[in-house]
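Please consider the structure shown below, and follow the explanation with the sequence at hand.

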Amino acid sequence: KTVLDSTYTALLKKYKVVGLSLAIVDSGQIVYSMGYGFSDREQKIQANDKTIYRIGSCSKSFTSLSILQLQEKNKLNIEHSVKRYLPELKIKSRFNDSNQVFIRDMMCHVSGLPCDVTNGFFCDAPPDMNWLITELNKQTTISPRRYKHAYSNSAYGLLGEVIARLGNSSYSNYVKQNIF
């Protein structure tokens, strides 16, 4: 306990992390759990072992796994353009390329799609995917495909929509049913 507490306290300070919670599980049983730092720095609320955090980019792993499951079921092919599954996506390319946005490239953050469409998207009640597609259609790709790595929340939002459509469910229900 002393080693864990001192280690995580030092790591929070070194990397300027606001807070974290951890649990150590052995044979299906929690043997140690603790919170470090704050769950809300402004309100001075300490993190504890029951603190709930936003899932953030952890959902990208579930998205990729879901896409691969759909490929195994022959519902999609990651070598195809996402436009095959989202025909209303008409983002233009500034580059002399075929203007395809391949699913594999989206999963690897090399599709050329913009990183984010931030206007109104990072909030408690973000707009729906139709809004995202409409906004992307007003933009152009930021690079040719596979030219450079550009972390893209937009790409993963679109992949979530593909999952919902091909899985005949909402994204969250698909993940609950097929992963959890």
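Valine 17 lies in the loop that joins helix H1 (2-15) to strand E1 (19-26). This description refers to a predicted model. Together with Leu11 and Tyr15, Val17 makes a nonpolar surface patch of about 280 Å².

Is lysine 83 buried or exposed? Lysine 83 counts as buried, because its relative accessibility is 17% and the buried class covers values under 20%. Apart from neighbours within four places in sequence, lysine 83 is in contact with Leu89, Ile91, Asn99 and Val101. With isoleucine 91 there is also a pairing of polar atoms: a polar atom of the lysine 83 side chain lies 3.4 Å from the backbone oxygen of isoleucine 91.

The cysteines remain to be considered. A disulfide is a covalent bond between the sulfur atoms of two cysteines. To be counted here, the two sulfur atoms must lie within 2.5 Å. The cysteine sulfur closest to that of cysteine 58 belongs to cysteine 108, and the separation of 18 Å is too far for a bond. For cysteine 115, the closest cysteine sulfur is likewise in cysteine 108, at 15 Å, which is also too far for a bond. Cysteine 115 has a relative accessibility of 32% and therefore counts as partly exposed. By the distance rule, the number of disulfides is zero.

Terms used: Residues are numbered from 1 along each chain as its sequence is written. This is a predicted model: local features need pLDDT of at least 70, side-chain atom pairs count only at pLDDT 80 or more; totals for chains, interfaces and linings use all residues. Side-chain values use heavy atoms; hydrogens and water are left out. Patches are made of residues with over 30% relative accessible area and no salt bridge: like charges are joined within 9 Å, nonpolar side chains (Val, Leu, Ile, Met, Phe, Trp, Tyr) within 5 Å. Accessible areas come from the Shrake-Rupley method with a 1.4 Å probe; for residues, only the protein chains shown count as cover. A salt bridge is a side-chain nitrogen of Lys or Arg within 4 Å of a carboxyl oxygen of Asp or Glu. Helices (H or I, at least four residues) and strands (E, at least two) are DSSP runs, numbered from the N terminus. Buried means under 20% relative accessible area, exposed over 50%, partly exposed in between (1.4 Å probe, protein chains only). A polar contact is a pair of N or O atoms within 3.5 Å; within protein, one must be able to donate a hydrogen and the other to accept it, and residues adjacent in sequence count only if both atoms are side-chain atoms. Contact means heavy atoms within 4.5 Å.
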